[in-house]
Amino acid sequence: IVYGIIGVIFISFPMSVPTIKSSTEHSIFNSNWNGCSEFGKLIHQKKKMFPIITPDQKYNKNGVLFIISPDVHYSESDIKKIREFLDRGNTVVIADDFGTANDVLKGLNISKRISNKETYDLFYLKNSSLIIVPLNMRGLDDSITLNIPSYITSDTGQIKTSSISNKIIMDEINYSKGKIIIVSEPDIFINGMKEYNKDFWEYFLDNLKEPLFIKISHK
């Protein structure tokens with residue numbers, strides 16, 4: 001099982017190593033601690049990548065759509081395009097904690113939600129905001145570190161915190177001919193967490209099809 005970021009024109013070719021500068025949190029063009037530029041570079045090394053930068057763009061290729069920490073609300077038209085993408089047998093990765101990703105889940109009639117509440121656990125690094133979650137996945141015997149994570153409202157899931165808090169952090173849902181991967185902690189992918197989560201980044205990307213579409217959902 002696998003767990004399995006606005007411009008004016010559509011970039012219709014694979015993205016190179018990000019050179020555009022941004023200070024937006026979780027942006028692949030943000031090289032600060034709270035950006036995802038290092039994750040973006042790794043994607044570029046491993047996969048073909050296309051940024052989705054205008055609301056009217058269609059996901060006209062097959063592959064994987066990443067929606068990372070959105071902070072704008074999704075319209076019925078947005079949801080329709082995502083549903084059509086899934087109907088073609090593709091994968092959507094939603095990584096969010098306190099943003100607007102529940103718009104997508106609700107629009108797709110998925111009962112599970114990202115709680116928008118912080119979760120805690122007794123196993124942490126440096127302070128209680130940095131939770132350590134052990135992984136037991138084929139080909140990856142390691143852990144990931146979370147930074148003020150939320151959790152998924154569900155009783156089942158592929159990755160969860162320890163039995164102390166027993167909260168779902170990642171889940172995979174079959175939808176139509178495709179699948180949705182919900183991650184209740186987008187900070188897994190930020191630059192400041194690279195030293196703790198780099199092995200997981202590698203594993204995660206190696207198990208995803210290409211090309212990868214990165215949804216630029218920020219204001």
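**Figure 1. A cluster of aromatic rings.** Ring pairs join Phe-39, Phe-66, Phe-189, Phe-200, Trp-201 and Phe-204 into a cluster. Please keep in mind, for this and every view below, that the model is a predicted one. Across the whole structure, a search turns up seven aromatic pairs. One of them brings together Phe-39 and Phe-189, which form a tilted pair, 4.6 Å centre to centre with 35 degrees between the planes. Phe-189 has another tilted partner in Phe-204, at 5.8 Å centre to centre and 55 degrees between the planes. Because Phe-189 lies in the loop between strand 8 and helix 4 while Phe-204 lies in helix 4, this pair ties together parts that are 15 residues apart in sequence.

**Figure 2. The largest nonpolar core.** This core has 34 residues, and Phe-39, Phe-66, Ile-188, Phe-189, Phe-200 and Phe-204 are the ones with the most contacts inside it. Helix 4 (residues 194-206) is the element that gives the most to this core, with four residues. Apart from it lies another core, made of 25 residues, including Tyr-74, Ile-152, Ile-182 and Phe-213.

Figure 3. How many of the residues of strand 2 (residues 64-68) are buried? Five of its five residues are, so the strand is mostly covered. Val-64, Phe-66 and Ile-68 point one way from strand 2, Leu-65 and Ile-67 point the other way, and all are buried. Strand 2 pairs with strand 3 (residues 91-95) in the parallel sense, over five bridges. Look for Leu-65 here: it stands opposite Val-92 in strand 3. Together with helix 2 (residues 76-87), strands 2 and 3 make a right-handed β-α-β unit.

Figure 4. The whole structure holds six salt bridges by the search. In one of them, the side chains of Lys-194 and Glu-38 meet at 2.9 Å, N to O. Asp-206 forms a salt bridge with Lys-46, where the closest N and O atoms are 2.8 Å apart. Asp-206 lies in helix 4 and Lys-46 in helix 1, so the pair ties together parts that are 160 residues apart in sequence. Salt bridges also link Lys-46, Lys-198, Glu-202 and Asp-206 in a network.

Figure 5. Are Asp-171 and Lys-112 buried or exposed? Both are buried, and their side chains meet in a salt bridge of 2.3 Å, N to O. Asp-171 is in strand 7 (residues 168-175) and Lys-112 in the loop between helix 3 (102-107) and strand 4 (130-134), 59 residues apart. For the other part of this view, turn to Lys-167: its charged end sits over the ring of Tyr-151, 4.3 Å from the ring centre.

Definitions and conventions
Residues numbered from 1 in each chain as written. Predicted model: local features only at pLDDT ≥ 70, side-chain atom pairs only at ≥ 80, totals over all residues. Heavy atoms only, no water. Core = buried A, V, L, I, M, F, W, Y, C linked by side-chain atoms within 4.5 Å. Buried < 20%, exposed > 50% of the residue type's maximum accessible area, 1.4 Å probe, protein only. Helix = DSSP H or I, 4+ residues; strand = E, 2+ residues; numbered from the N terminus. Phe/Tyr/Trp six-rings, centres within 6.5 Å; stacked < 30°, edge-to-face > 60°. Lys NZ or Arg CZ within 6 Å of the ring centre and 35° of its normal. Pairing = 2+ DSSP bridges. Right-handed = clockwise from strand over helix to strand, strands pointing away. Salt bridge = Lys/Arg side-chain N within 4 Å of Asp/Glu carboxyl O.
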